[in-house]
Amino acid sequence: MNMQLEINGTTYEFRFGIGFMKEIQSRYKEMASISVAIPSGFKYVVASMLDGHIEDLFDILYTSNKTEKPRITEKALMEYLEDESTDIESLIKQVKTFLLQANASKNLMNQIMSALAEEQTETTATKAKTKKK
């Protein structure tokens, strides 16, 4: 599944396939092994992106474009993400949507979304208990 972004007049393709998954998993393997709660590199980097970490959004986009033509440069992608007119929240939602649809990532994305929903429910319940006291 490919996502397209137009950056500086050039349309770039971002593929969230097996090559993307393999590279992300290997790159974040060491970080992910530190915590029992995050069993894989993909889950680590996506959860971080969903928390708004722009460097992980950069990593996901840059990695997913590596096999595509034209290739975006690190500098062009950094400038795009740093540009005040780029809506980062919307871009994160767009990437999330594509990851939920891509065959290589949708299973793990559904696990992440379930875990986030469960965490949100627990947080809400804890806040409600605190207010009752």
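Author: We begin with Glu23, which counts as partly exposed at 25% relative accessibility. The general idea is a scale of relative accessible area: buried is under 20%, exposed is over 50%, and partly exposed lies in between, with a 1.4 Å probe and protein chains only. The model is predicted, so local features need pLDDT of at least 70 and side-chain atom pairs count only at pLDDT 80 or more, whereas totals for chains, interfaces and linings use all residues. Residues are numbered from 1 along each chain as its sequence is written, and side-chain values use heavy atoms, with hydrogens and water left out.

Reader: With which residue does Glu23 form a salt bridge?

Author: A salt bridge is a side-chain nitrogen of Lys or Arg within 4 Å of a carboxyl oxygen of Asp or Glu. Here the partner of Glu23 is Lys66, and the closest N and O atoms are 2.8 Å apart. Lys66 lies in the loop between H4 and H5 and Glu23 in helix H1 (residues 18–27), so the pair ties together parts that are 43 residues apart in sequence. Lys66 is partly exposed, with a relative accessible area of 31%.

Reader: How many salt bridges does a search of the whole structure find?

Author: The search finds three. Another of them joins Glu68 to Arg15, with 3.3 Å between the closest N and O atoms. Because Glu68 lies in the loop between helix H4 (54–65) and helix H5 (74–82) and Arg15 in strand S2 (residues 10–15), this pair ties together parts that are 53 residues apart in sequence. Glu68 is buried at 11% relative accessible area, while Arg15 is partly exposed at 38%.

Reader: Where do Lys75 and Glu79 lie?

Author: Both lie in helix H5, four residues apart, which is about one turn of the helix. Lys75 is exposed at 57% relative accessibility, and Glu79 is partly exposed at 40%.

Reader: Is Met49 buried or exposed?

Author: Met49 is buried, its relative accessible area being 0%. Its place is in helix H3 (residues 41–50). Contact means heavy atoms within 4.5 Å. Apart from neighbours within four places in sequence, Met49 is in contact with Asp56, Leu57, Ile60, Ile92, Val95 and Lys96. Val95 is 46 residues from Met49 in sequence, and their C-alpha atoms are 9.5 Å apart in space. For the protein chain, residues 24 or more positions apart account for 58% of the contacts with a separation of 6 or more. Buried residues make up 37% of its 133 residues.

Reader: Which residues form the negative surface patch?

Author: Patches are made of residues with over 30% relative accessible area and no salt bridge, like charges being joined within 9 Å. Asp and Glu count as negative. In this model the negative patch is formed by Asp51, Glu118, Glu119 and Glu122. Of these, Glu118 lies in helix H7 (residues 106–132) and is exposed, with a relative accessible area of 51%.

Notes:
Patch = residues over 30% accessible without salt bridge, like charges linked within 9 Å, V, L, I, M, F, W, Y side chains within 5 Å. Areas by Shrake-Rupley, 256 points an atom, 1.4 Å probe, with all protein chains shown as cover. Charge placed at Lys NZ, Arg CZ, Asp CG, Glu CD. Helix = DSSP H or I, 4+ residues; strand = E, 2+ residues; numbered from the N terminus.
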